[in-house]
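Hi,

Here is the structure I promised to pass on to you. Have a look at it first, then read my notes below.

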Amino acid sequence: MSSVAEPQSYKEAASDPRWTEAMVAEIKALWIFKVNYKANGDVERFKARLVAKGYSQKEGIDYQETFSPVVKIKTVRTVLAITAQQHWQIHQMDVFNAFLQGDLPDEIYM
């Protein structure tokens, strides 16, 4: 058995430079960071996204169809056109961390 204890919380891990270094390495590997701007150039928000590196997967071996539920602008335009034509109401909302809410049939490794 190792004499090194694993931390039981973030606070505990953050107080040890070895764990801090491990967290920084993980952040560099799995996160991307973006700044969203308003039309006038002001910063709207800072955005962090956890990504699974799908580019390393091989067709027929370890992926099936898609990795990110991202809407295409053509779809948005089509829905807006139908909505206007049918005189329907539109409501907007942001869904944060939607991937945490769904049931997945496959095992996911990150």
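Predicted model: local features only at pLDDT ≥ 70, side-chain atom pairs only at ≥ 80, totals over all residues.

Residues are numbered from 1 along each chain as its sequence is written, and side-chain values use heavy atoms, with hydrogens and water left out.

Let's start with helix 3. Helices (H or I, at least four residues) and strands (E, at least two) are DSSP runs, numbered from the N terminus. Helix 3 has 14 residues and spans 20 Å from its first C-alpha to its last. That is close to the 20 Å expected at 1.5 Å a residue, where the expected span is 1.5 Å times one less than the number of residues. After the helix comes His87, with a positive phi near 60°.

Within helix 3 (residues 73-86) you'll find Thr83. Is Thr83 buried or exposed? Thr83 counts as buried because its relative accessibility is 8%; buried means under 20% relative accessible area, exposed over 50%, and partly exposed in between (1.4 Å probe, protein chains only). A polar atom of the Thr83 side chain sits 2.7 Å from the backbone oxygen of Val79. Leaving out residues up to four places away in sequence, Thr83 touches Trp88, Gln89 and Ile90, with contact meaning heavy atoms within 4.5 Å.

Ile90 turns up again in a nonpolar surface patch of about 430 Å², together with Val71, Ile73, Val76 and Leu80. Patches are made of residues with over 30% relative accessible area and no salt bridge: like charges are joined within 9 Å, nonpolar side chains (Val, Leu, Ile, Met, Phe, Trp, Tyr) within 5 Å. The areas come from the Shrake-Rupley method with a 1.4 Å probe, and for residues only the protein chains shown count as cover. Val71 is in the loop between strand 2 and helix 3, and it counts as exposed because its relative accessibility is 54%.

Now for the charges. The structure holds 1 salt bridge (a side-chain nitrogen of Lys or Arg within 4 Å of a carboxyl oxygen of Asp or Glu). Arg18 and Asp16 form it through their side chains, at 2.8 Å, N to O. Arg18 is exposed at 57% relative accessibility, whereas Asp16 is buried at 17%.

Cheers!

Definitions and conventions
Polar contact = N/O pair within 3.5 Å; in protein donor to acceptor, adjacent residues only side chain to side chain.
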